[in-house]
Amino acid sequence: MTKPLVVITGASSGIGEAAARKFSQEGYPLLLLARRLERMESLGLPNSLCRQVDVTDRIAFRAALEEAEEQYGPTDCLVNNAGILRLGRMDTQDPQEWQLMFDINVQGLLNGIHLVLAGMRRRKSGTLINISSVAGRKTFVNHAGYCGTKFAVHAISEGIREEVADDNVRVVTIAPGIVETEILDHTTSDEIRQEYKDWKKEIGGGIRSEDTAEAIWYAYQQPQNVCIREVVLAPTRQQ
Ligand code: NDP
């Protein structure tokens, strides 16, 4: 049987890349979105359309989605994974850093949801999988802006879940702790980056992107009448 379209944002590295590989192994056609097109194309996944889309750009996002749906049919699952982490102290951090985090982690996520949700409600089926964080459930020093975005992801997910439950649409929040990816590289303060690396070392390192992809897959492959509302997974030694 032909499988329906799965859309994954931030598929050029880390968790998004691992999720793309997992869904592809399971035979799903994919729309993969990120800014680094060559990284997505280099995955060489069959039945996958890779498009250079910044999730804050609604017009480009919509165009890629329409193109993919033309080819593979309506979106059954959107994995809202694109996100950035810019750690910093609120008094010294460049405001552009938290602005960018809110633009990508929150507005970008809402853009994706807005584009697919009406179709899912009409079809009385579909799944939104929003990648939040343990930092969306508890706060950490140097994470004020980032935690703000991820608490927002939790709130948005639950709010939308309540709105669309009657339409048989599932909304899942995945909240990982530390995952070994490129995400820390973008924090501009050498000192804060080093503190984070020391913390990670103390607890024996982060979990793998593949571990998070398995959690995403676990939630998705349940029958449509089973909604895994939230999965929290983290290194065992992380507090
Ligand atoms: P990576 O930096 O490896 O991946 C982030 C992905 O997001 C990349 O594919 C990047 O692609 C994409 N991205 C960033 N900005 C944009 C944008 N404006 N438009 C489109 N795509 C964008 O990090 P992770 O895999 O770790 O992060 C994935 C998600 O997991 C994020 O939401 C993050 O907050 C969350 N998370 C990560 C944790 C961790 O410890 N690593 C822990 C908890 C949550 P490109 O640059 O090519 O656009």
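Me: What makes a residue part of the surroundings of the ligand, and which residues are the closest?
Reply: A residue is near a molecule or strand if its C-beta atom, placed from the backbone, lies within 6 Å of it, and 32 residues surround the ligand here, the closest being Gly10, Gly14, Arg35, Arg36 and Gly83. This is a predicted model, in which local features need pLDDT of at least 70 and side-chain atom pairs count only at pLDDT 80 or more, while totals for chains, interfaces and linings use all residues. Residues are numbered from 1 along each chain, as its sequence is written.

Me: Which helices and strands each supply at least two residues of that shell, and which gives the most?
Reply: Helices (H or I, at least four residues) and strands (E, at least two) are DSSP runs numbered from the N terminus. On that basis helix 1 (14-25), strand 2 (30-34) and helix 4 (95-123) each supply at least two residues of the shell around the ligand, and helix 1 gives the most, with 3 residues.

Me: How many residues of the shell around the ligand are nonpolar, polar and charged?
Reply: The shell divides into 14 nonpolar, 14 polar and 4 charged residues, where Ala, Val, Leu, Ile, Met, Phe, Trp, Tyr, Cys and Pro count as nonpolar, Asp, Glu, Lys and Arg as charged, and the others, Gly among them, as polar.

Me: Why is one side of strand 3 and of strand 7 left without a neighbour in the sheet?
Reply: Two strands pair if DSSP finds at least two bridges between them, and the 7 strands form an open sheet with parallel pairing, in the order 3-2-1-4-5-6-7. Strand 3 (48-52) and strand 7 (230-233) stand at the edges with a single partner strand each, so one side of each lacks a neighbour in the sheet.

Me: What makes strand 1 and strand 2 a pair?
Reply: Strand 1 (residues 5-9) and strand 2 are joined over 4 bridges in the parallel sense; Ile8, for instance, has Leu32 in strand 2 as its bridge partner. Strand 5 and strand 6 likewise pair in the parallel sense, over 6 bridges, and in strand 6 the bridge partner of Leu128 is Val171.

Me: Is Leu65 buried or exposed, and what is it in contact with?
Reply: Leu65, in helix 3 (residues 58-72), has 24 C-beta neighbours inside 10 Å and therefore counts as buried. Two residues are in contact if their C-beta atoms, placed from the backbone, lie within 7 Å; leaving aside neighbours within four places in sequence, Leu65 is in contact with Val7, Leu31, Thr75 and Leu115.

Technical notes. A residue is buried if 20 or more other C-beta atoms lie within 10 Å of its own, exposed if 12 or fewer, and partly exposed in between; C-beta atoms are placed from the backbone.
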